[in-house]
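Morning, everyone. I'd like to walk you through one chain today, so let me put it up on the screen.

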Amino acid sequence: MVKKICNLLSTVLLIIMVAIAGALLLPYVFGYQPLAVLSGSMEPDYHVGSVIYVKEASPEDLKIGDAITFRLSDNTYATHYLISIDMEKREFVTQGKANANDDGARSFDTLVGRASKFSIPYLGYISLNMKTPLGILSAVGVIVVILLLNFIPDLFTKDEEEVVPQGPDDPENK
């Protein structure tokens with residue numbers, strides 16, 4: 001019984017870890033970049049703590065109403081709806097769904113890409129925390145727990161000696 005419970009727990013933990021890794025790494029194969037949503041400016045379309053997937057796009061491919069991601073600084077991104085494009089000035093204007101005002105003009109150079117409509121709630125919290133020392137320690141801890149779950153059943157099972165039946169032709173019986 002202990003072995004079944006430990007096997008079930010380790011399998012569930014392993015499936016969860018593989019699913020999280022897949023949701024964060026597999027999109028890169030298809031040209032998408034997963035990004036965590038940090039603010040409520042796009043609520044209810046993109047919830048805080050979700051992961052959204054952004055695919056590189058050129059300004060010519062965009063249309064008014066697209067959710068686009070752009071750089072605010074080196075490591076800070078925003079995803080808002082495109083409300084106007086000026087091809088001559090090479091600028092665009094965006095606005096968050098929950099925001100009353102637009103963001104002002106941004107250069108085409110800041111464009112990262114178009115955000116997909118698909119997002120995974122709460123995965124953003126995990127992806128952000130995995131980059132911290134505590135997050136790394138937590139991941140290692142989960143791996144250790146999975147390994148321990150594979151060894152715990154051995155502690156609760158009795159060592160039963162294998163009994164080999166001896167026949168009349170066995171040399172030890174003579």
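Let me start with a term: when I say polar contact, I mean a pair of N or O atoms within 3.5 Å, where, within protein, one must be able to donate a hydrogen and the other to accept it, and residues adjacent in sequence count only if both atoms are side-chain atoms. With that in hand, look at His80: a polar contact of 2.5 Å joins its side chain to that of Asp103. Another polar contact, of 2.8 Å, links the side chains of His80 and Ser41.

Quick housekeeping before I go on. This is a predicted model, so local features need pLDDT of at least 70 and side-chain atom pairs count only at pLDDT 80 or more, while totals for chains, interfaces and linings use all residues. Residues are numbered from 1 along each chain as its sequence is written, and side-chain values use heavy atoms, with hydrogens and water left out.

Okay, back to that histidine. His80 is in strand 4; helices (H or I, at least four residues) and strands (E, at least two) are DSSP runs, numbered from the N terminus. Is His80 buried or exposed? It counts as buried, at 7% relative accessibility, where buried means under 20% relative accessible area, exposed means over 50%, and partly exposed is in between, using a 1.4 Å probe and protein chains only. Leaving aside neighbours within four places in sequence, His80 has a list of contacts that includes Ser41, Asp66, Phe70, Thr94, Asn99 and Asp103. Contact here is heavy atoms within 4.5 Å.

Let's follow strand 3. Strand 3 (residues 67–71) pairs with strand 4 (residues 77–86) in the antiparallel sense over five bridges; two strands pair if DSSP finds at least two bridges between them. These two strands make a hairpin with five residues between them. Arg71 stands opposite Tyr77, and Thr69 opposite Thr79. Strand 3 also pairs with strand 7, again antiparallel, over three bridges, and there Phe70 faces Leu111. Strand 3 is mostly covered, with four of its five residues buried.

What about strand 2? Four of its five residues are buried, so strand 2 is largely enclosed by the rest of the structure. Strand 2 pairs antiparallel with strand 1 over five bridges, with Ala36 and Val51 as bridge partners.

Glu56 counts as exposed, at 70% relative accessibility. Even so, Glu56 touches Gly31, Val112 and Gly113, not counting residues up to four places away in sequence. Its C-alpha is 7.4 Å from that of Tyr32, 24 residues apart along the chain.

Next, helix 1. Helix 1 (residues 2–29) has 28 residues and reaches 40 Å from first C-alpha to last, close to the 40 Å expected at 1.5 Å a residue; that expected span is 1.5 Å times one less than the number of residues. Where does helix 1 bend? At Ala23, by about 35 degrees, and a proline, Pro27, follows within four residues. The bend is the angle between axes fitted to the seven residues ending at a residue and the seven starting there. Among the buried residues of helix 1 are Cys6, Ala23 and Pro27. Just after the helix, Gly31 takes a positive phi of about 85 degrees.

Last stop, Ser127 in helix 2 (residues 123–129). Ser127 is buried, with a relative accessible area of 13%. The backbone oxygen of Gly124 lies 3.0 Å from a polar atom of the Ser127 side chain. Not counting residues up to four places away in sequence, Ser127 touches Leu24, Ala36 and Val51.

That's my tour, thanks.
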